[in-house]
Amino acid sequence: MAELRRWAGWAVAAIAAVVMVVGLLPTNQPPVDDAARATALASNLRCPFCQGESIAEAPSQVARDLEAFIVEKVGEGWTDDEIYAFFEARYGERVRLDPPLAGWGAALWLSPLALLGVGIAAIVSRRRDRAAAGAAQPAAPSQVGASKVEVS
Amino acid sequence: MNALTGYLAVLAALGGSAALGWTGFQVSRGRKPSSALRTPVLLVVLGAVVAMLALETAILSHDFTVAYVARNTATTTPFVFLLASGWAALEGSIVLWGLVLAAFTYAVARTVTPGDGLGAGALSVMGLVGVFWFGLMATVANPFEVCTAAGTVGCNATSWWPLAAAVAPLEGVGPNPLLQNHILMAVHPPMLYIGYVGLTVPYAFAMSALARGERGKVWLDRTHRWSLVAWCFLTFGILLGAWWSYEVLGWGGYWAWDPVENAAFLPWLVATAFLHSAVVQRRRGMLQAWNFALVISAFALTILGTFLTRSGVILSVHSFTQSAVGPTILGFLGVVVVASFVLFALRVHLVASSPRLESLASREGVFLLNNLLLTLFAFTVLVGTMYPLLIETFSGRQVSVGRPFFDRVTLPVAFALLLALGVGPVAPYRVAKPAVVWRRIRTPVRISLVAGAATVLVGVRSVPTVVVVVLAAFVIGVIVRHLWSQITPLRPEMGIGRAAARLFRRDAGYWGGQVAHVGLALVAVAIATSTALAVRTEVRLTPGEAVPVEGYCLRYEGPFTESTAQRSVEGARLVLLRDDCATEIRSMAPRLNRYPNSAQAVATPDVRTGLVDDVYVSLAGGSADEIVLDVFVFPLMWLLWAGGLVTVAGGVWSFVARKPPRERPTARPPAEATAHG
């Protein structure tokens, strides 16, 4: 009986997993229509005359007008890059709330990955050293400090 | 008179801090008895209290000879906002900061017993920190400057010399409109300050332990409660800030990754990492050097936060040099970072030697993962916040980093943190056997899968939201299962309620932490639903008209105006109805407030909070015949506030219910300390 209950529990979990995966399949996702694209663009562009908010978020008339402009251009078939380029040409590169993945922008985007790599390497190499040194040998404390300071 | 009293009090506190720095050092070396600390501490406390009182007296009595009063208050300002003006502007905020620091210094001094070198050293460090803040008040951020030339409103020229011939303008400029708009603006910064300043205590003890080359976990034991206090206030301050942003600011959100928000969030992340890594050192003696690094970083980030919020550097890199406050704080930050890490590098071999990590698959391993992830999170926020400043400083180019960057980069880190939060409590210390872990997680895994499927079945198609629901259900499932397994053996004896109460009291630190985890899981769900499933529409209405909006219906009754000496209000009277446009839910009144000292109107939205979703209505503009409304629907918003409060409650519980650790302030033989420390 207990065995049966356990199997029933897992059967329910398996069905749940299937429901979840099927429900979230790309074919069941809402299509990326013009409205969704315009919203995404408006949230990635800074409202040039507001207090640092995106065009999508800023509660001002200027932001509404710019949003309407984006919707219009998306409707006319402009690509994302064309719209970004238009805004950058007009208001400078600070309108991009997500700096492009080039030059210093690449450093910005990739630095968390680099830190993750350093952190994992530090933990793994400490484990290796320890394993090699054996249980009797405590690790060199200076190295403990050194490998950790970078992470801070 | 107020100016003179206040300035003398600042000087007294400054002198007391300097004396404390020196005497604390001497006492810590055993060259003076610990009773020598009493006078400097009292001087600091007295000076800080009198300074705050003098400023408040000047404000409440409309003493416009004090330039700060003329600049930040007016005779029409209501009483509570007058009171809050004492700490709401730059100079006043530093007076409050000094007061909080004095309170912490006093509380630490009470724990210092004769022969307690570590505690005396910590007081010395707190004295040095005090020298900076009170020094700032005595020089570049002097709240007691007197007005030497009055304008029609406010002050045209000032002098730092408190006996200079003072004149009083007839009227002051008045508080910042955002402050006047809602009292929460006056309440949430002090919460954050208590959190910020509270982090000075573990920092001071860490520095003292490093300088004395004192091994072991004594400094951690003595500062654990202080760290918890600081953490609780930081958490609560951030929560209040988010709530204020949502309920008062009217842009339809609670978190914008704004540098001011990040400034509060950064120390919180590092303090959270520290609370966890401190557990590892206290329990298993590991991560000793790492704990020093974290405490120094957390303290440095509080200074960086003050710099970002108080120097005007955010508006433009070039505006911060207009006042000397920014460069001074930046200089202090540099001194703190360099001095602390030099001391750390010189002494770390004396104080830190960690035992072996037996297996990455263990409680310690998960703690390590937690620290890596929180550090990564903090680093990401720090880089994103500083990037525009650094780029502009070094290349002159103006760039922005906003929500798209922060959301995208922190999302995977947050997912991993949630997962670690679920796995942590089930992983045993030392080595986790897969069979043991599996037995502990199999039920939560099933529950979380069902929760995910249910979310999909109610129509949610956003992958991140479903992932968050699955992870949060897993976290909560694991904690509840664990609690239940602990209650079961006690149940026949005392029943569920008393068994749970006994567990919570007996291991308050652990269960308080688990309560905080449940709160964070709820917050994660609320963030996901309110971000991915929120709907926003712009609605135009003429009087009498009703339109359906996202499952509800709004009817516009007509405009209204209010006018007081303090402000004038233009608002819209609305009725929120069910989607049939007939059943009334409640009336709503979003407003625009105008203050005499500012051209820009401040919006106050109206929010109707429901169990399923919030309806958030903000007045965007319009004319006599037609108004423009921004209407948002945020699913499950109440979970955000509830989860945040649960998180704070967990922190408070581990602080309040935990028996204070037995303090052994006298120097212990180093060998004994390391044996289990």
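1. Domain spacing in chain A. In this predicted model, the centres of domain 1 and domain 2 of chain A lie 42 Å apart, taken over C-alpha atoms. Domain 1 covers residues 1-30 and domain 2 covers 34-95. Chain A also has a domain 3, at 104-149.

2. The contact between the chains. Chain B puts 54 residues into the contact, and chain A puts in 51. On the side of chain B that touches chain A, the elements giving two or more residues include the helices α12 (288-310), α13 (325-351), α14 (363-395) and α15 (403-423). Also among them are α16 (434-457), α17 (463-487) and β11 (613-622) of chain B. The most comes from α14(B), with nine residues.

3. Make-up of that side. The residues of chain B that touch chain A split into 32 nonpolar, 14 polar and eight charged.

4. Length of α10(B). This helix of chain B runs over residues 218-249, which is 32 residues. From first C-alpha to last, α10(B) reaches 45 Å.

5. Kink in α10(B). Do not read that span as a straight axis: α10(B) has a kink of about 45 degrees. Where is the kink centred? It is centred on H224(B).

6. Why is α10(B) described as largely enclosed by the rest of the structure? Of its 32 residues, 26 are buried, so the rest of the structure largely encloses the helix.

7. G250(B) comes just after the helix. G250(B) takes a positive phi of about 80 degrees.

Notes
Residues are numbered from 1 along each chain as its sequence is written. Chains are lettered from A and ligands numbered from 1 in the order in which they are written. This is a predicted model: local features need pLDDT of at least 70, side-chain atom pairs count only at pLDDT 80 or more; totals for chains, interfaces and linings use all residues. Helices (H or I, at least four residues) and strands (E, at least two) are DSSP runs, numbered from the N terminus. The expected span of a helix is 1.5 Å times one less than its number of residues. The bend at a residue is the angle between axes fitted to the seven residues ending there and the seven starting there. A residue is buried if 20 or more other C-beta atoms lie within 10 Å of its own, exposed if 12 or fewer, and partly exposed in between; C-beta atoms are placed from the backbone. Two residues are in contact if their C-beta atoms, placed from the backbone, lie within 7 Å. Ala, Val, Leu, Ile, Met, Phe, Trp, Tyr, Cys and Pro count as nonpolar, Asp, Glu, Lys and Arg as charged, and the others, Gly among them, as polar. Domain bounds come from an automatic or database domain assignment.
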